[in-house]
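Good morning, everyone, and thank you for making the time. Before I say anything, please take a moment with the sequence and the model on the screen.

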Amino acid sequence: MKYFRKGGYILALVLFLIFTVGPFIWTFILSVTPDYSMFSPDSNLLPDKIIWDNYRELFSGGQRGARFFTGMFNSLRAAAITLVIGIPVALMSAYALGRMQFRGRKAIKNILLITMVIPVMATIIPLYRMFADARLLDNIFWLSVVYVSSYLPLAVWLLSNYFATIPKELEEAALIDGCGRTATFFRIMLPLSAPIILSISLIMFLNTWSQFQIPLILASSMETKPMAIVVSEFVTKDTIQYGLVAAAGMIALIPPALAALVFRKYLVSGMMKGSVKG
């Protein structure tokens, strides 16, 4: 039974690696495989010849490379604006819901939970109409505001649950020592909430980086198109440049992969601590 259980763990780990790491390995192989080898009837999983032409095209400063890195810069800008707006709003809202008693507090938290299940496509057409009437289309700032509104329910829910787990005695002691409500928030609550704040920041960044549906409708110019939209445009009605798309995907993985590796422990601890108390 001991060896059977150990073999089951190993098998589960192998399957997990195949389904998670496998697609990334396959994408890299496609990015360095010549087109003629990719479509050859007797092609193998590993290419007979490795080429770096797709990466050279992206870094050569040509039209496609310029569009791709412009899209990456737009994605970084959108992510930065989303964090600058979203984190303070989420913190203040969550502090009110998690530490203050007022009429309608539970109803507001329940409404936040309900809004999490509303699909994007149910609201994107009304949003487009509002943006078109107000002439806000192709604007990264207002596009980021839409992102913030999408992430706020989850962020506020996690933060408010985390704030509720912090002992009230710490806050009361600070108030007795002469700290006001604002000073207590900045000196006591924020330092203790660093893991969940970093966790939510990472969630917002990763989701903003991979956004496709919202900018597809609200951002149509090269000045605002994010990286995901630019990469999708490498696929035309006449040709599909699989190698170039794969190379762009591998490069686009670098920023979120670095962020996830640096803050991975905060992501896990923050999600666990922010979901244990309602």
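Predicted model: local features only at pLDDT ≥ 70, side-chain atom pairs only at ≥ 80, totals over all residues.

Residues are numbered from 1 along each chain as its sequence is written, and side-chain values use heavy atoms, with hydrogens and water left out.

The secondary structure of the chain comes to 15 helices and zero strands, where helices (H or I, at least four residues) and strands (E, at least two) are DSSP runs numbered from the N terminus. Taken along the principal axes, the C-alpha atoms fill a box of roughly 75 × 65 × 30 Å. Of the 278 residues in the chain, 35% are buried; buried here means under 20% relative accessible area, exposed means over 50%, and partly exposed is in between, with a 1.4 Å probe and protein chains only. If we take contacts between residues at least 6 apart in sequence, 76% of them join residues at least 24 apart, a contact being heavy atoms within 4.5 Å.

Let me turn to the interior. A nonpolar core is a set of buried Ala, Val, Leu, Ile, Met, Phe, Trp, Tyr and Cys residues joined through side-chain atoms within 4.5 Å. The largest such core has 33 residues, and the members that touch the most others are L159, F163 and I200. At least two residues of this core come from each of α4 (63-99), α6 (124-133), α7 (140-165), α9 (181-192), α10 (194-209) and α11 (213-218), with α7 supplying the largest share, 13 residues. What does L159 contact, leaving aside its neighbours within four places in sequence? The list is A90, L91, A94, I196, I197 and I200. There is also a second, separate core of 19 residues, which includes Y55, W209, A248 and A259.

Now to the empty space. Rolling a probe the size of a water molecule over the atoms shows where such space is left. On a 1 Å grid over the protein atoms alone, a pocket is an open set of points where a 1.4 Å probe fits, with protein on both sides within 12 Å along at least five of seven lines, and its lining residues have an atom within 4 Å of a point. The largest pocket holds about 490 Å³, a volume being the space filled by probe spheres set on the points, which are joined across faces, edges and corners. It is lined by 19 residues, of which T115, I118, S149, S150 and Y151 lie nearest the centre. Two or more lining residues come from each of α6, α7 and α10, and α7 gives the most, with six.

Let me move on to charged pairs. The whole structure contains six salt bridges, each defined as a side-chain nitrogen of Lys or Arg within 4 Å of a carboxyl oxygen of Asp or Glu. One of them joins R56 and D53 at 2.8 Å, N to O; these two residues are three apart in helix α3 (residues 53-59) and therefore separated by about one helical turn. Another joins R64 and E57 at 3.0 Å, N to O, where R64 is partly exposed at 33% relative accessibility and E57 is partly exposed at 27%.

Finally, two residues in the loop between α6 and α7, namely R135 and D138. R135 has a phi near 55°, a positive value in a residue other than glycine, and D138 likewise has a positive phi, of about 60°. R135 is exposed at 77% relative accessibility, whereas D138 is partly exposed at 31%.
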